[in-house]
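User: Please take me through the labels used for this model. I want the cut-off behind each one.
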Amino acid sequence: MSNAKVLPLLEAEGRSVAPCCPPLTERPMTAEEAETAARMFKALGDPVRLRLFSAVASHEGGEACVCDISDVGVSQPTVSHHLKKLKEAGLLTSERRGTWVYYRVQPSVLAVMGQLLVGASAAG
C-alpha cells in the first residue's frame, strides 16, 4: 500500500467526501484522478463561472443568494446555467429558501485546489 496523500473533494449534492487526487508533485495522477481534477478546474475555466464562484466564496457569511450575485453581465438563465455547472463539478452546494436559492462553496474545495497546485513541497 502506498503512503501517498490523497486530497479530499466533496461531491455535489450532499454526497460524502471522496478522494480526489494527490498533489501534483507527489506522483503522477491516474486517469480517474485527472478526470476529477479536470472537471473541477474546467468548471472554473469560464470567466463568468469564476466570477460567480468568487462572489459566493467572498460573500459575507460564506453563502450568497442568487439575487446578490447575478450581476455578472449575462442573463438570469445564463447565470443559472453556470451555477448548475459549478454544482455539478462539486464546487458549490445550494439550498432553496422560499423563492430564492442560496449557494455555498463546498467546505474543502478551496483547500483542495490550493493543495493540488502547491503540493507536498509547501507542506514540509
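Analyst: Start with the salt bridge: a side-chain nitrogen of Lys or Arg within 4 Å of a carboxyl oxygen of Asp or Glu. Glu 63, Glu 95, Arg 97 and Arg 104 are linked in a network of such bridges. The model is predicted, so local features need pLDDT of at least 70, side-chain atom pairs count only at pLDDT 80 or more, and totals for chains, interfaces and linings use all residues. Numbering runs from 1 along each chain as its sequence is written, and side-chain values use heavy atoms, with hydrogens and water left out.

User: What makes Glu 63 and Arg 97 a salt bridge?

Analyst: Their closest N and O atoms are 2.9 Å apart. The cut-off is 4 Å, so the pair counts. Glu 63 lies in strand 3 (residues 63–65) and Arg 97 in strand 4 (residues 92–97), so the pair ties together parts that are 34 residues apart in sequence. Strands are DSSP runs of E, at least two residues; helices are runs of H or I, at least four; both are numbered from the N terminus.

User: Why is Arg 97 called partly exposed?

Analyst: Its relative accessibility is 32%. Buried means under 20% relative accessible area, exposed over 50%, and partly exposed in between (1.4 Å probe, protein chains only), so the label follows.

User: How do you know that the charged end of Arg 97 sits over the ring of Tyr 102?

Analyst: The charged end is 4.3 Å from the ring centre. The definition asks for NZ of Lys or CZ of Arg within 6 Å of the centre and within 35 degrees of the ring normal.

User: Why is Glu 33 called buried, and what is its salt-bridge partner?

Analyst: Glu 33 has 10% relative accessibility, so it counts as buried. Its partner is Arg 27, at 2.7 Å, N to O. Arg 27 counts as partly exposed, because its relative accessibility is 24%.

User: What about Lys 85 and Glu 88?

Analyst: Their side chains meet at 3.8 Å, N to O, in a salt bridge. Both lie in helix 4, 3 residues apart, about one turn of the helix. Lys 85 is partly exposed at 33%, and so is Glu 88 at 43%.

User: Why does Arg 49 have no salt bridge?

Analyst: Asp 46, the nearest side chain of opposite charge, is 5.0 Å away. For charge, Lys and Arg are positive and Asp and Glu negative; His and the chain ends are not counted. Arg 49 is buried and sits in helix 2 (residues 47–58).
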